[in-house]
Amino acid sequence: MQQPTLADRVSNELLPHVRQPAQYIGGEVNQLVQPGAWEAAAVRVVIAFSDIYTIGMSHLGCQILYWIANHTPGVCAERVYCPWWDAEELMRRQHLPLFTWDTRQPARSADIFAVSLQYELGFPGVLNLLDLAGIPLRAAERGDDDPLVIAGGPQADNPEPLAEFLDLVVIGDGEQAFAELLAAVREYKAGGLPRRAMIPALARRFAWVYAPNLYEPSYHADGTLAELRPTLPGLPDVIERCHAPDFETAPFPERPLVPWINTVHDRIALEIMRGCPNLCRFCHAGYTKRPLRLRSVARILELAETAYWATGHEEIGLLSLSTADYPQLHALAEQLNARFAPRMTNISFPSLRVDKMLQDIPSMARSVRKGGLTMAVEAASDDLRRAIRKRVTDADLLAGARAAYAAGWSRIKLYFMAGFPNERPEDIDRIYDLSVAVSRERCALGLAPAAVTASVAWLVPKPFTPLQWMAQPPAAYFDSVRRRLQARKHAQRSAVRLAMQPPQRAILEAVLARGDRRIGPAILEAWRRGARLDAWTERFSIERWQNAFATAGVDAAFYAHRERPLTERLPWDHIGQHLSRAYLARGYTELHDQR
């Protein structure tokens with residue numbers, strides 16, 4: 001009897017028994033891979049996202065890589081996402097290996113397993129994907145028949161916690177880097193170079209490729225990093241950052257994939273600008289995505305038009321770290337509105353800075369649904385905002401809220417963070433008081449106070465920012481902030497709602513964000529204990545992680561709550577940066593001096 005194919009097994013043994021089977025079936029509108037392409041390709045690539053389909057399908061970076069690979073002659077790229085809990089249990093019970101979404105190939109049969117590291121809590125998901133695929137977790141245990149496991153994305157800027165699990169890490173922009181990697185792997189494979197020999201060859205060939213297992217760390221007696229040195233000749237001491245040379249014409253998915261089910265961002269996503277001129281002192285992306293690069297209005301309109309007819313989406317999102325700082329935003333909004341408002345297509349403007357938003361709300365509001373508006377305030381005091389380089393004043397915020405209410409918005413969500421250096425009790429009180437003031441601005445129009453949500457997140461100090469040296473406050477401090485805000489709300493009636501999560505997840509993120517490779521065994525232990533999909537509240541367990549740290553002998557406080565001297569060698573100091581370490585140190589000193 002003929003054995004069933006993997007595709008048949010997925011259809012018969014998995015899909016009838018899982019929640020939302022449509023997230024596993026592939027074959028979406030604009031899928032680029034056709035039957036037979038995988039078998040015929042000279043280079044086979046898995047593009048992996050360490051979270052579930054509804055998150056991964058909303059990620060523009062993975063769509064860009066998918067587009068690039070499948071427009072490269074001789075290359076076939078298919079996608080994988082993390083299965084939800086029920087599907088994973090069934091796959092393990094039925095011995096179903098991780099399969100590609102496009103044509104259901106065994107993920108392990110790829111030449112390249114490229115995984116995007118978007119957030120720290122996705123680290124165990126990387127291990128889960130590798131294990132489900134049948135790929136050895138540790139790079140040292142892989143043979144020539146295994147794929148090259150390559151990571152990129154924002155969390156690749158400090159790859160040390162995952163060092164023992166990754167073959168190669170790409171630092172910086174992915175468009176040029178991915179295209180050049182594909183060409184090099186195809187060349188090496190055609191020349192008969194074994195997979196394991198490709199690792200040092202690629203690390204020597206490209207200044208922005210890091211092979212972590214070809215570097216050896218040493219530590220001081222106090223546990224701080226002393227040195228990280230290459231173990232083979234010809235490897236660089238510092239890994240450079242790749243920059244897309246021409247952002248205007250950089251490859252972009254003109255026909256984006258259209259998911260079968262609702263996703264987090266169900267829209268056309270257009271990156272209009274890369275980088276940010278503001279350099280808020282807590283913002284990792286602001287420091288690592290430099291220099292500032294722009295797409296022209298004409299190119300954005302061209303991409304919007306093509307994607308609209310290819311997808312049928314009813315919203316176009318203009319993406320950047322600070323959309324308000326796009327120099328031609330007003331002209332872009334006018335032209336997009338002129339084209340798409342008659343088609344009942346919404347134009348969304350995330351990341352609008354409050355001060356710039358004032359002049360643009362009325363003109364840009366014609367095709368924007370007026371449900372809720374989000375404003376990133378970060379800190380509630382003018383002087384604390386100045387210290388963290390957040391160029392927003394109370395006057396700007398209140399005027400912005402008033403303009404929004406006049407333009408038809410009825411709800412506002414304000415984002416704050418707590419845990420900044422030299423934060424005072426009055427800064428915390430001001431979070432609630434300022435939110436109340438924003439709510440009451442609507443009364444000036446003769447209307448009832450607006451429904452305002454004050455969402456308070458806990459600061460996670462990030463590498464490559466001036467806050468990389470700071471001690472994250474302990475959980476007790478964040479708990480006291482939460483109690484203080486709740487008490488202030490109970491003391492006065494208002495239309496303000498507070499939204500705060502327990503701080504344990506933010507503390508774990510701080511450990512993973514600034515960890516070295518000694519964190520790796522704890523990640524592995526947490527995964528063995530069931531950690532995966534930890535960004536989902538129903539899956540997160542701090543006890544699981546605490547037990548993993550204890551088993552692995554890792555002191556989490558050493559990484560999260562320890563103030564680092566400016567002279568200490570940091571685990572990511574071998575990764576190149578646009579701005580100097582001295583500049584970051586000066587910013588950290590100025591932050592303290594300004595308060």
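**A tour of helix contacts, a sheet and a hairpin**

Select helices H17 and H19 first: Gln 504, Leu 508, Val 511 and Leu 512 in H17 meet Ile 542, Trp 545 and Phe 549 in H19. By class, this contact of H17 with H19 has 6 nonpolar residues, 1 polar and no charged ones. Here Ala, Val, Leu, Ile, Met, Phe, Trp, Tyr, Cys and Pro count as nonpolar, Asp, Glu, Lys and Arg as charged, and the others, Gly among them, as polar. Contact means heavy atoms within 4.5 Å. Helices (H or I, at least four residues) and strands (E, at least two) are DSSP runs, numbered from the N terminus.

The model is predicted: local features need pLDDT of at least 70, side-chain atom pairs count only at pLDDT 80 or more, and totals for chains, interfaces and linings use all residues. Residues are numbered from 1 along each chain as its sequence is written, and side-chain values use heavy atoms, with hydrogens and water left out.

Stay on this pair and display the axes. Those of H17 (residues 504-513) and H19 (residues 542-552) come within 10 Å and cross at roughly 35°. Axes are lines fitted to C-alpha atoms, for helices over the stretch in contact, and angles run from 0 to 180 degrees between N-to-C directions.

Next, select the open sheet of 6 strands, whose order is S2-S1-S3-S4-S5-S6 with mixed pairing. Its edge strands, S2 (75-81) and S6 (209-210), each pair on one side only. Two strands pair if DSSP finds at least two bridges between them. Inside the sheet, S3 (residues 112-116) and S4 (residues 148-152) are joined in the parallel sense over 5 bridges; Ala 114 stands opposite Ile 150 in S4.

H6 (residues 123-133) touches S1 (43-49), S2, S3 and S4, and its direction makes about 155° with that of S3. H8 (residues 195-205) touches S4, S5 (168-170) and S6, at about 35° to the direction of S4.

Now move to Glu 88, in helix H5 (residues 85-94). Leaving aside neighbours within four places in sequence, Glu 88 is in contact with Pro 83, Asn 128, Leu 132 and Arg 532.

Finish at the hairpin. Strands S7 (residues 215-219) and S8 (residues 225-230) run antiparallel and are joined by 5 bridges. Tyr 215 has Pro 230 in S8 as its bridge partner. Between the strands lie 5 residues, and Gly 223 takes a positive phi near 90°.
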